Amino acid sequence: MKQLKVGVVGASGKMGKELRQVISEAGFTPFLGMYNSKKPEGFEHAANSWNDKKTEEVDLWIDFSLPEAFDQAIKAMAKFKKPIVSGTTGISAAQKELLKEASAHAPILWSSNMSVGVAFVNKILSQFKDIKDFDFQIEELHHKHKKDAPSGTAKTMQENLESAVDKKIPPTLSIRGGGIFGVHRIWAMSDQEVITIEHQALNRKVFAEGALRAGLSIFNKGPGLYSMKDIF
């Protein structure tokens with residue numbers, strides 16, 4: 001697998017740059033950088049069209065595009081029947097259905113957060129079923145430039161927590177300010193005690209490393225829709 005050729009969609013963005021470095025550090029090849037306007041640096045090849053012949057040589061796709069480019073990207077990648085990891089956030093319900101359709105042709109792992117630590121937190125949220133009579137609250141903090149509130153990560157945590165405790169919990173508290181990469185807290189509260197689970201992202205590299213790990217975890221799997229829980 002040392003000659004693994006990785007294609008990155010959204011290669012000229014901040015996550016694209018992180019991925020290029022992480023892919024190289026792992027000993028793989030940052031083979032193809034897909035872009036819209038600004039040509040990315042550090043990839044063996046770059047393309048701004050899905051008709052480019054180099055797209056056929058990619059072994060693993062990692063997508064950090066924008067929602068408006070997601071439909072075209074996911075359809076194009078699925079045709080190659082190679083593993084796909086997507087961390088594109090803010091996608092609609094219709095686009096999630098598109099993911100399911102595309103997963104009939106290729107193994108696809110989509111997540112609102114590629115952090116291994118966040119995946120672990122989501123995994124252990126099911127344990128709150130044992131204290132479902134507690135009160136619960138999710139709180140999240142991000143940098144002032146983040147557009148969506150609550151974040152996709154917080155929405156996923158909310159869904160998982162509500163499923164575990166079998167009841168609705170109050171809406172997520174969202175705070176935006178400064179350059180915070182991401183902080184998520186889950187509060188479980190009774191009259192006598194409080195339990196807090198907190199995850200902090202210290203940089204963007206954690207998401208790039210998680211995305212590559214996710215890709216390797218589904219590399220030899222068949223077509224289907226996977227989640228970050230599958231990396232453990």
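The points below begin with the basis of the model and then turn to the helices and the salt bridges.

1. This is a predicted model, in which local features need pLDDT of at least 70 and side-chain atom pairs count only at pLDDT 80 or more, while totals for chains, interfaces and linings use all residues. Residues are numbered from 1 along each chain as its sequence is written, and side-chain values use heavy atoms, with hydrogens and water left out.

2. Helix H1 spans residues 14–25 and helix H6 residues 205–217; their axes come within 9 Å and cross at roughly 55 degrees. Helices here are DSSP runs (H or I, at least four residues), numbered from the N terminus, and axes are lines fitted to C-alpha atoms over the stretch in contact, with angles from 0 to 180 degrees between N-to-C directions.

3. The contact (heavy atoms within 4.5 Å) involves residues including Met-15, Leu-19 and Val-22 of H1 and Phe-207, Ala-208 and Leu-212 of H6. Its residues divide into 8 nonpolar, no polar and 4 charged.

4. The count of salt bridges comes to 10, a salt bridge being a side-chain nitrogen of Lys or Arg within 4 Å of a carboxyl oxygen of Asp or Glu. One of them joins Glu-25 and Lys-205 (3.1 Å, N to O). Glu-25 lies in H1 and Lys-205 in H6, so this pair ties together parts that are 180 residues apart in sequence.

5. Glu-162 forms a salt bridge with Lys-168, their closest N and O atoms being 3.7 Å apart. Glu-162 counts as buried at 16% relative accessibility, whereas Lys-168 counts as exposed at 72% (buried means under 20% relative accessible area, exposed over 50%, partly exposed in between, with a 1.4 Å probe and protein chains only).

Notes. Helix = DSSP H or I, 4+ residues; strand = E, 2+ residues; numbered from the N terminus. Nonpolar A, V, L, I, M, F, W, Y, C, P; charged D, E, K, R; others polar.
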